[in-house]
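Please read them alongside the coordinates.

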Amino acid sequence: MQKKPRSKKNHWIPVVAGFLKKDGKILVGQRPENNSLAGQWEFPGGKIELGESPEQALTRELDEELGIEAEVGELKMACSHTYGDVGILILFYEIKYWKGEPKAKHHMMLEWIYPEELKLRTIPEANRKILDRILQALGGTWRKSSL
Ligand code: DGT
């Protein structure tokens with residue numbers, strides 16, 4: 001039987017992102033200009049490259065984007081989303097420990113914000129639609145903000 005040609009549509013890209021916490025706040029970065037979703041606030045991370053495990057990919061991304069040596073913790077949640085023809089599968093990991101101070105090597109700006117503040121920011125649709133779950137995943141030990 002002849003194999004169907006592979007459609008270029010709906011290919012899926014695996015992405016990893018990290019929840020870095022400090023003093024009840026979470027680290028977010030503003031996506032750079034000349035990039036997809038420019039200006040939107042995201043969790044640091046990026047695409048998994050061929051041959052990498054998700055943990056290796058996130059360790060590399062956090063080094064490239066923030067200049068830190070991170071220990072990738074627990075997988076907190078996963079979600080999928082499609083932007084037009086492209087699908088992304090995002091794995092969100094907790095990052096409890098790292099060496100170095102995060103610097104904006106890739107983002108326009110980095111900010112530590114109370115999780116609730118995510119509601120007021122422009123964030124990727126992939127994250128917006130699961131914001132309740134994200135806030136829940138970030139919950140528990142978080143200090144309540146006044147927002
Ligand atoms: P590159 O090398 O320019 O393709 O960039 P990478 O590998 O740093 O990856 P990036 O950040 O452009 O791709 C991640 C994709 O996942 C992008 O379509 C945006 C989407 N995304 C949705 N929510 C998030 C999030 O919270 N963090 C990150 N990093 N990406 C997110």
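**Notes on the predicted model**

1. R121 and E117 form a salt bridge, with the closest N and O atoms 2.5 Å apart; the term is used here for a side-chain nitrogen of Lys or Arg within 4 Å of a carboxyl oxygen of Asp or Glu. R121 is buried, at a relative accessible area of 13%, where buried means under 20% relative accessible area, exposed over 50% and partly exposed in between, with a 1.4 Å probe and protein chains only.

2. On the basis of these comments: this is a predicted model, in which local features need pLDDT of at least 70 and side-chain atom pairs count only at pLDDT 80 or more, while totals for chains, interfaces and linings use all residues. Residues are numbered from 1 along each chain as its sequence is written, and side-chain values use heavy atoms, with hydrogens and water left out.

3. The whole structure contains 11 salt bridges. One of them joins the side chains of R31 and E42 at 2.6 Å, N to O, and this pair links distant parts of the chain, since R31 sits in the loop between β2 and β3 (41-42) and E42 in strand β3, 11 residues apart. R31 is buried, with a relative accessible area of 15%, and E42 is buried as well, at 9%.

4. E69 and K99 also meet through their side chains in a salt bridge, at 3.7 Å, N to O; E69 belongs to strand β5 and K99 to strand β6, 30 residues apart. Both of these residues are exposed. Elsewhere, salt bridges that share partners join E49, E52, R60, E61 and E64 into one network.

5. The largest nonpolar core has 23 residues, and F19, F43, M77, I90, F92, L118 and I134 have the most contacts inside it; such a core is a set of buried Ala, Val, Leu, Ile, Met, Phe, Trp, Tyr and Cys residues joined through side-chain atoms within 4.5 Å. The elements that each supply at least two of its residues include β1 (11-22), β5 (69-83) and α3 (131-137). A second, separate core of 15 residues includes L20, L62, Y93 and I95.

6. Which residues come nearest to the ligand? Of the 15 residues around the ligand, they are R31, E42, F43, K47 and N127, counting a residue as near if one of its heavy atoms lies within 4 Å. A polar side-chain atom of K47 lies 2.5 Å from an oxygen atom of the ligand, and an N or O atom in the side chain of N127 is 2.8 Å from a ligand oxygen atom.

How values were computed. Helix = DSSP H or I, 4+ residues; strand = E, 2+ residues; numbered from the N terminus. Polar contact = N/O pair within 3.5 Å; in protein donor to acceptor, adjacent residues only side chain to side chain.
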